[in-house]
Amino acid sequence: MNARTDQLGNSYTCSHKNSIGLLDQATEAYLASRTTTMPLLDSILAEDPDMPMALCFRGYLLKLAADPKFRPVQQRVLSQLDGLRPAMNDREILHLSALEALINNQMTRSVE
């Protein structure tokens, strides 16, 4: 895993430099309400399975789906991220904390 930055100066921990551009594409797909969001995210994680921000994005999407059947997958995402914590940058750790609070229905803590 390497520390990399995107064109806006945001830091990412990832194995492949193209993972950041693919994550941007997945984010744009989400914001445009395209059905390609999760497949794009799946393709990133297939190549870069330990990319913290891609995992956080997956966790956010699974929680936003508001379906209790996704709870076990949300917990696996949190467990995987927790194992990656030593390699994560401060921004990624903040996202992990926000995701954990969100998944545990602690909305105020998540926003903070």
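This is a predicted model: local features need pLDDT of at least 70, side-chain atom pairs count only at pLDDT 80 or more; totals for chains, interfaces and linings use all residues.
The crossing of α4 and α5 is left-handed.

**α4 against α5**

- The axes of α4 and α5 lie 11 Å apart, and the two helices pack at an angle of about 155°.
- An angle over 145 degrees counts as roughly antiparallel, and α4 and α5 are therefore roughly antiparallel to each other.
- On the α4 side, the contact is made by Arg71, Gln74, Gln75, Val77, Leu78, Leu81 and Asp82.
- On the α5 side, these residues meet Leu96, Leu99, Glu100 and Ile103.
- Sorted by class, the contact of α4 with α5 has 6 nonpolar, 2 polar and 3 charged residues.

**α3 against α5**

- Helices α3 and α5 pack at an angle of about 20°, and their axes are 10 Å apart.
- Angles under 35 degrees count as roughly parallel, so α3 and α5 are roughly parallel to each other.
- The crossing in which α3 passes α5 is left-handed.
- From α3, the residues in this contact are Pro52, Met53, Cys56, Gly59, Tyr60 and Lys63.
- From α5, their partners are Arg91, Glu92, His95, Leu96, Ala98, Leu99, Leu102 and Ile103.
- The residues of the contact of α3 with α5 divide into 9 nonpolar, 2 polar and 3 charged.

**α3 against α4**

- The axes of α3 and α4 come within 9 Å and cross at roughly 160°.
- That angle makes α3 roughly antiparallel to α4.
- Helix α3 passes α4 in a left-handed crossing.
- In α3, the contact involves Pro52, Leu55, Cys56, Arg58, Gly59, Leu62 and Lys63.
- In α4, the residues they meet are Val73, Gln74, Val77, Gln80, Leu81 and Leu84.
- The contact of α3 with α4 has 8 nonpolar, 3 polar and 2 charged residues.

- Leaving out residues up to four places away in sequence, Leu23 touches Tyr12, Leu41, Ile44, Met51, Met53, Ala54 and Phe57.

- Leu55 lies in helix α3.
- Burial requires under 20% relative accessible area, so Leu55, at 3%, counts as buried.
- Not counting residues up to four places away in sequence, Leu55 touches Leu45, Pro49, Asp50, Val77, Gln80, Leu81 and Leu84.
- Leu55 and Val111 are 56 residues apart along the chain, and their C-alpha atoms are separated by 18 Å.
- Val73 is placed in helix α4.
- With a relative accessibility of 24%, Val73 counts as partly exposed.
- Val73 and Arg85 are 12 residues apart in sequence, and the distance between their C-alpha atoms is 18 Å.

- Most residues other than glycine have a negative phi.
- Ala66 is not a glycine, yet it has a positive phi of about 55°.
- Ala66 lies in the loop between α3 and α4.
- The relative accessible area of Ala66 is 66%, so Ala66 is exposed.
- Asn105 is also a residue other than glycine with a positive phi, and its value is near 60°.
- The loop between α5 and α6 (107–111) holds Asn105.
- Asn105 is exposed, with a relative accessible area of 55%.

Note on methods:
Residues are numbered from 1 along each chain as its sequence is written. Side-chain values use heavy atoms; hydrogens and water are left out. Contact means heavy atoms within 4.5 Å. Axes are lines fitted to C-alpha atoms, for helices over the stretch in contact, and angles run from 0 to 180 degrees between N-to-C directions. Helices (H or I, at least four residues) and strands (E, at least two) are DSSP runs, numbered from the N terminus. Angles under 35 degrees count as roughly parallel, over 145 as roughly antiparallel, 65 to 115 as roughly perpendicular and the rest as oblique. A crossing is left-handed if the near helix is turned anticlockwise from the far one by less than a right angle, and right-handed if clockwise. Ala, Val, Leu, Ile, Met, Phe, Trp, Tyr, Cys and Pro count as nonpolar, Asp, Glu, Lys and Arg as charged, and the others, Gly among them, as polar. Buried means under 20% relative accessible area, exposed over 50%, partly exposed in between (1.4 Å probe, protein chains only).
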